[in-house]
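Good morning, colleagues. Please look at the structure on the screen while I take you through some of its features.

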Amino acid sequence: MLLFIGERKLSKYVVKFSPDNKTVNVEDGKTIAESADIVGIAIDSPCGGNGTCGKCKVIVSAGNLEPPNEAEETFFTEDELKEGYKLACQTLVTCDMEVFVPEDSRIRAIKILSTGTGREVRLHPNISKVYVELSEQTLERQISDFANIKEVIKSKFPNITIELEMLRALPAILRPSKFKVTLVLDGNKLIGVEPGDTTKKNYGVAIDIGTTTVVSTVVDLNTGNDLAVASALNTQATHGADVVSRINYTIENEYGLEELGDRVMQVINQITEYACAEARVDNKNVYEVTIVGNTTMTHLFLKVPVRSLAVMPYVGVFSDPVEVSASKLGLNVNPCANVFVLPNIAGFVGADTVGVILASALNRSETIKLAIDIGTNGEVALGSNKKLLTCSTAAGPAFEGAMITHGMRGAPGAIERIQLTDRPVYQVIGGGKPIGICGSGLIDIVAEMLRLGIVDDTGRMAGLDDLDLPPELMKYIRRNDEYGLHLVLYESEERNIVITQKDVRQVQLAKGAIKAGIEILMRKLGIKLEDVDEVLLAGAFGNYIRKENAIRIGLIPDFPMDKVHFIGNAASAGSKMALMSKEAREEAVIISKSTEYVELATDPNFQNEFMDAMMFPTEQ
């Protein structure tokens, strides 16, 4: 089909996707991945469409294909290329096509950690609901509607204000309700007037916007109790697993910022509506929302440009807290609800780290503690109430499954636990047959390979002739043209799952960055391992790993096991604390301003520390 726009011919082609039985008309030059996204087929692309991860494999069964590019020749065998295997992010739609999207190439619902450990705070929310019965207005007492309200509550709220929209709505609310109403106050601002006594219906929502997942918690602001929690994948992942890919997407696409902002808002609305339904709460009775996320996520949420985060000196547009009404963002709660975005610390240490520090009380500790939030980036905070340092380590997406031959996120079908006996013995998320390996399983298998001498402290896999293993286990260590030297974790007619030398190197890069960051902070603080009183592992990934294996591979230094504790989704817990307590919110601001950010890239010792940290510890 040809469409004419001015002097330019615009070609439109039909792309049919199976087994979904979905069809889309797309313009010439769209990729298969972009075409799939239009009809709601989420193809995994952790590398953000750069063709470097090989996760977006599809089979084109009809249509004239361009010759394979270098990336496709890297990831596919000659037989696969003949069968029509292509990378969805690299293949342009230049004709009508029929495309099969394998299950392995799709973004699946993953195992999401939605709760975390937070310290108790005194319930003192920003939102107040007050039932009043206003005095009668007469000729003798000619008092305006708003002045009448101020008069009744002046002892507790002496300086209340009101927006124009609320002022316009007052007559239609006050008179039919015979001036018996509930006032909704955001601090000293009147944001709602409701007929009758609705003081029992006072709710807030705490949101944690992660790079991979989004979590929404509905809280009763009268009691501080959690009522429901819902979570989902951050669909921005269609344009890359890491923040750099998403920043680049906004730079390279005219409407990229708008799209990524809309995507995360859609997810927030969906999970918040679900959580409210679960709690039997009307969305319109949600009067405040608190937001945490890394600096890129909070910027994208507010649709604030992120270009400056991609170039030196890597600073954001804002670091202070941002407050805005829900109606201006398109958030499906009470239109006048206050949305409070917690402050950031630096360009790559955001409000989520502030939430972790707040929830763990790291800033109040008399002793030195270390908090590590392991994800696509590894945020590290170290110190006490005397001094607190933080940094962001570019761990890369290896622990999310990207760049690993058969890596995947922590979704059903992923190997999450594994041991080597006379054969690989594994545990699969959701049970059944494995289809890949996620980050926690990856740490386990590398630790096991180190234990058995399959990998040495430099990360080199031993040759077949150099191993002294039981014959039963030796059968799983092989060499071929496709993978080189590798360890087979699972094999069937459908698929093989292996760990290769390249995979081990990716683990070294990821764990080396995090450990080097820890070492730099310890040096800056002038302390040794024995000076650290407690190690806190935060985040979903940190919660699911075996701490002994994290220490064995050198992901974290060799701390005594009893010093290492899991604190779950502490960023979400911090967001909830800010929702329930004005004082906690003020403390978050103090944390953001008093915590010293260390830029690893400019530290003269970082490269040496990083090279040392890439080595695996020699077992004592």
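This is a predicted model: local features need pLDDT of at least 70, side-chain atom pairs count only at pLDDT 80 or more; totals for chains, interfaces and linings use all residues.

Six strands make up an open sheet with mixed pairing, and their order is S13-S12-S11-S14-S16-S15. Which strands stand at the edges? They are S13, residues 226-233, and S15, residues 322-325. Each of these has a single partner strand, so one side of each is left without a neighbour in the sheet. On average, and ignoring direction, neighbouring strands of this sheet are turned by 15 degrees against each other.

Within that order, I would draw your attention to one pair. Strand S11 covers residues 203-209 and strand S12 covers residues 213-220, and the two pair in the antiparallel sense over seven bridges. For Ile207, the bridge partner in S12 is Ser216.

Helix H4, residues 145-153, meets helix H5, residues 164-174, at an angle of about 80 degrees, and their axes are 10 Å apart. Angles from 65 to 115 degrees count as roughly perpendicular, and H4 and H5 are therefore roughly perpendicular to each other. From H4, the contact is made by Asp145, Phe146 and Ile149. H5 contributes Leu167, Leu170, Pro171 and Leu174.

The next element is helix H18, which spans residues 606-614. Which of its residues are buried? They are Phe606, Glu609, Phe610, Ala613 and Met614. Viewed down the axis of H18, these buried residues fall within an arc of 135 degrees, so they line one face of the helix. On the other side of H18, Gln607, Asn608, Met611 and Asp612 are exposed. As for the buried residues of H18, what covers them includes helix H13, residues 501-525.

An α-helix has 3.6 residues a turn, so residues three or four places apart point the same way.

That brings me to the salt bridges. Side chains of opposite charge can pair when their charged atoms come close. How many salt bridges does the model contain? The count comes to 23.

One of them joins the side chains of Glu259 and Arg263, with 2.9 Å from N to O. Both residues belong to helix H7, residues 256-279, and because they are four residues apart, they are separated by about one helical turn. Glu259 is partly exposed, at a relative accessible area of 24%, whereas Arg263 is buried, at 12%.

A second salt bridge links Arg460 with Asp456, where the closest N and O atoms are 3.9 Å apart. Arg460 is partly exposed, with a relative accessible area of 43%. Asp456 is partly exposed as well, with a value of 27%.

Is Asp503 buried or exposed? Asp503 counts as buried, with 1% relative accessibility, while Lys502 counts as partly exposed, with 44%.

Thank you for your attention.

Conventions. Residues are numbered from 1 along each chain as its sequence is written. Side-chain values use heavy atoms; hydrogens and water are left out. A salt bridge is a side-chain nitrogen of Lys or Arg within 4 Å of a carboxyl oxygen of Asp or Glu. Buried means under 20% relative accessible area, exposed over 50%, partly exposed in between (1.4 Å probe, protein chains only). The arc is that of the directions from the helix axis to the C-beta atoms. Contact means heavy atoms within 4.5 Å. Two strands pair if DSSP finds at least two bridges between them. Axes are lines fitted to C-alpha atoms, for helices over the stretch in contact, and angles run from 0 to 180 degrees between N-to-C directions. Angles under 35 degrees count as roughly parallel, over 145 as roughly antiparallel, 65 to 115 as roughly perpendicular and the rest as oblique.
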